[in-house]
Amino acid sequence: TYLFDVCDILPEDLPYLGILKAVLGYVDTDDHSYAALANEINMYTGGIGSSIGIYPNVKKQGEIGLYYEVRTKVLASRLPDAMRLIKEILLTSHLSDEKRLYEILAQLKSRLQAGLSASGHSVAYTRALSYFSTAAYCQDATAGIACYRVIADYEEHFEEKKQQLMEKLSSLVKTIFTAERMLVSATCEESEIPAVTQASAALKNVLYVSDQPDKKRTMPSYPLAKKNEGFMDASQVQYVARAGNYVRHGFSYHGALRILKVIMGYDYLWINVRVKGGAYGCMNSYMRNGDTYFVSYRDPNLKKTDEIYDGIPQYLADFKADEREMTKYIIGTISDMDTPMNPSAKGARSMTAYLQGLDFADIQKERDQVIGATDEDIRGLKDLIASVLEEKNLCVIGNEDNLKSQSDMFMQLKNLYE
């Protein structure tokens with residue numbers, strides 16, 4: 001994986017990263033048409049793709065790593081071919097092919113539209129987190145509702161705005177793909193490291209030259225603000241998300257939060273939101289940087305679910321579990337932590353830990369806390385969860401009539417597909 005540091009990209013330019021990753025590798029280059037390029041990629045590699053990597057720092061609140069990532073899987077004997085194709089895609093893509101650009105935008109718009117509907121829960125919790133979390137703001141801007149809005153606008157007004165889009169993409173390419181922004185993560189046999197190092201150095205030498213190579217890259221300030229939005233669509237169900245950050249209230253991460261996730265999923269949220277409430281599902285997550293969310297999936301209710309979230313601290317205050325029950329919860333938690341991994345997944349995990357500032361001591365500490373947890377530790381999370389819920393960050397995607405009838409819950413009501 002070649003990672004290019006884009007932490008200094010301005011907030012208003014983030015959606016263009018989402019567009020760029022859909023364009024590179026799917027337009028003609030100097031040497032191949034995009035169809036021939038796809039054949040070459042499939043013939044010589046296990047795929048070449050781009051993504052935007054967002055890595056919240058677990059030690060420094062509010063700091064994130066933001067990278068444009070180009071990854072490939074390739075046999076050692078085919079490494080030169082993979083490098084040739086990566087250079088070709090990064091440095092010679094035809095970004096001014098209007099016809100192809102419009103096709104990609106239209107495809108991207110319909111794909112994102114389908115994604116907003118099918119993964120309404122992840123779109124809703126990302127948007128709720130984006131009111132206060134830099135990482136979620138970037139996620140929403142490069143792959144969520146904010147990104148969709150920009151793409152839909154370009155697709156609709158392509159003729160008058162195409163020049164602006166082509167200039168923006170071409171300037172981003174020259175800004176991003178420079179030697180000083182590049183970081184390499186490789187997973188391979190030890191004997192292949194010299195070949196990877198040599199190939200990466202050769203790539204580094206042909207990248208664009210930055211006009212300010214020594215300039216320190218700093219994160220811009222992001223326009224984070226509580227919006228409590230309701231997004232209306234034609235579906236009959238809701239995705240109800242609440243979010244907050246416990247670190248901002250002076251709490252710190254504890255392994256018992258991993259157990260809480262299992263308890264919520266099998267007990268409180270499962271029984272109240274799914275069994276009694278009739279939703280298809282419910283999720284909750286507690287990240288090391290403090291970002292926390294609760295969300296329902298294909299939920300017939302709205303206000304009722306929101307009230308269920310508010311009841312979590314009381315449930316925790318009254319929580320009791322005997323040793324057998326706690327052992328079941330702990331085994332469930334460890335099975336999540338100890339999933340078998342192939343080499344690619346191990347490489348990705350260690351790269352993520354490195355970029356988030358996570359070390360072995362942190363992972364061991366979490367493991368010890370999980371294994372040694374008692375029901376008292378779970379009760380001890382009451383104030384931490386209460387601090388998250390008190391922030392009252394809410395985002396709902398759902399049925400227009402339902403949202404309008406509960407409009408007092410929101411600061412803004414909008415159509416999902418504007």
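Me: Why is the contact between glutamate 69 and arginine 71 called a salt bridge?

Reply: In this predicted model, the closest N and O atoms of glutamate 69 and arginine 71 are 2.9 Å apart, and because the criterion asks for a side-chain nitrogen of Lys or Arg within 4 Å of a carboxyl oxygen of Asp or Glu, the pair qualifies as a salt bridge.

Me: What makes glutamate 69 buried, and how is arginine 71 classed?

Reply: Glutamate 69 has a relative accessible area of 2%, and buried means under 20%, so the label buried applies to glutamate 69. Arginine 71, at 33%, counts as partly exposed, because that class lies between the buried limit of 20% and the exposed limit of 50%.

Me: How do you know that glutamate 366 and arginine 258 form a salt bridge, and what does the pair tie together?

Reply: The N to O distance between the side chains of glutamate 366 and arginine 258 is 3.5 Å, and the limit is 4 Å, so the contact counts as a salt bridge. Glutamate 366 lies in helix 16 (residues 360-371) and arginine 258 in helix 10 (residues 256-266), so parts that are 108 residues apart in sequence are tied together.

Me: Which salt bridge joins glutamate 366 to arginine 288, and at what distance?

Reply: The side chains of arginine 288 and glutamate 366 meet at 3.2 Å, N to O, with arginine 288 in the loop between strand 7 (281-286) and strand 8 (291-297), 78 residues apart from its partner in helix 16. At 5% relative accessibility glutamate 366 counts as buried, whereas arginine 288, at 22%, counts as partly exposed.

Me: Why is the aromatic pair of tyrosine 137 and tyrosine 222 called tilted?

Reply: The two rings are 5.4 Å apart, centre to centre, with 55° between the planes; because planes under 30 degrees apart count as stacked and over 60 as edge-to-face, with the rest as tilted, the pair of tyrosine 137 and tyrosine 222 is tilted. Both tyrosines are buried.

Me: What makes the protein chain as compact as a globular protein of its length?

Reply: The protein chain, with its 19 helices and 10 strands, has a radius of gyration of 23 Å, close to the 22 Å that the globule rule gives for 418 residues, so it is as compact as a globular protein of that length.

How values were computed: Residues numbered from 1 in each chain as written. Predicted model: local features only at pLDDT ≥ 70, side-chain atom pairs only at ≥ 80, totals over all residues. Heavy atoms only, no water. Phe/Tyr/Trp six-rings, centres within 6.5 Å; stacked < 30°, edge-to-face > 60°. Buried < 20%, exposed > 50% of the residue type's maximum accessible area, 1.4 Å probe, protein only. Helix = DSSP H or I, 4+ residues; strand = E, 2+ residues; numbered from the N terminus. Rg over C-alpha atoms; globule rule 2.2 N^0.38 Å.
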